Amino acid sequence: MNVLGLGDNVVDKYVYKSMMYPGGNAVNFSVYAKQLGAQAAYLGIFGTDEEGRHVHRVLNELGVDTSRCRSAEGENGCSLIELIDGDRVMVGWNKGGVQQEHPLVFDASDYSYMKQFQWIHTSIYSGIESQLPELRTLGVPLSFDCSDEWDDNYLKRVCPQVDLCLLSCGAMEEDAVREKLAFVASAYGCTGVLGTMGSRGALLYYNGAFYLQKPHFVQPVDTLGAGDSFFTAFVLALLTEGEWNKAPEASVRKALDAGAAFAAKTCLVEGAFGYGRPY
């Protein structure tokens, strides 16, 4: 199995203890896939600062292929996290750093490279919305994480171009989540729409049916990356069952439970997947 994380990378700076950890939706997907035994690559852009070098070093150490990555002079993507009333809260970020001034633009050789993969995952923080139609033509299943920054206009723009859409729905009532997922799937043609609901678990709308997955409860060390790890394990489990978009109910439920189990393990690690260093 060979998968690609495409787009964003950051360092998550825990301001209250002066530690930084590598992360970002696309990077997390690649790292978690590697941890789960898949071949994994990452294609993104690194800043030339120590933050960018740290993320790049860690990916190489973990065996994630970064051979198609770019670098640009300036700051790497960075988010700032504080401890407020016992909870880790993001209090700022630099909007992707060098990715703002040097957005990813793919050429024919990049698209040829991408065709080798069985899955590509990207996100709202990757800045490649305009290139989704071309990615769609590659014939590789494509997932897109809209985080919690989506609105209906954004979904209308993005979702017709992807196979599986992720929405963070932590503040929504479950009935409202069900309504939104079903609408996105029917209106925009996504095979699956996954809504994560924090400690309430996740709700999947897949091929016309709803699936509710409760979390595997642990005493968390850090919940950063829980949603990304849940999704990665879910997708890889579906892929191993055969045609991911035609999986029977039993396979879907098995894959969701695999996601919950892996997310619980992620919550026992500082940062998205460890590898912190002082800054």
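This is a predicted model: local features need pLDDT of at least 70, side-chain atom pairs count only at pLDDT 80 or more; totals for chains, interfaces and linings use all residues.

**Reading the sheet**

Tutor: Begin with the sheet: it is open, has nine strands in the order β5-β4-β1-β8-β9-β10-β11-β12-β13, and its pairing is mixed. Residues are numbered from 1 along each chain as its sequence is written, and side-chain values use heavy atoms, with hydrogens and water left out.

Student: What counts as a strand, and when do two of them pair?

Tutor: Strands (E, at least two residues) and helices (H or I, at least four) are DSSP runs numbered from the N terminus. Two strands pair if DSSP finds at least two bridges between them. Strands of a sheet pair through backbone hydrogen bonds, either parallel or antiparallel. Here β8 (residues 119–123) and β9 (residues 142–145) run parallel, joined by four bridges.

Student: Is H121 buried or exposed?

Tutor: Buried means under 20% relative accessible area, exposed over 50%, and partly exposed in between (1.4 Å probe, protein chains only). H121, in strand β8, is buried because its relative accessible area is 1%.

Student: What does the side chain of H121 make a polar contact with?

Tutor: A polar contact is a pair of N or O atoms within 3.5 Å; within protein, one must be able to donate a hydrogen and the other to accept it, and residues adjacent in sequence count only if both atoms are side-chain atoms. The partner of H121 is the side chain of S143, at 2.7 Å.
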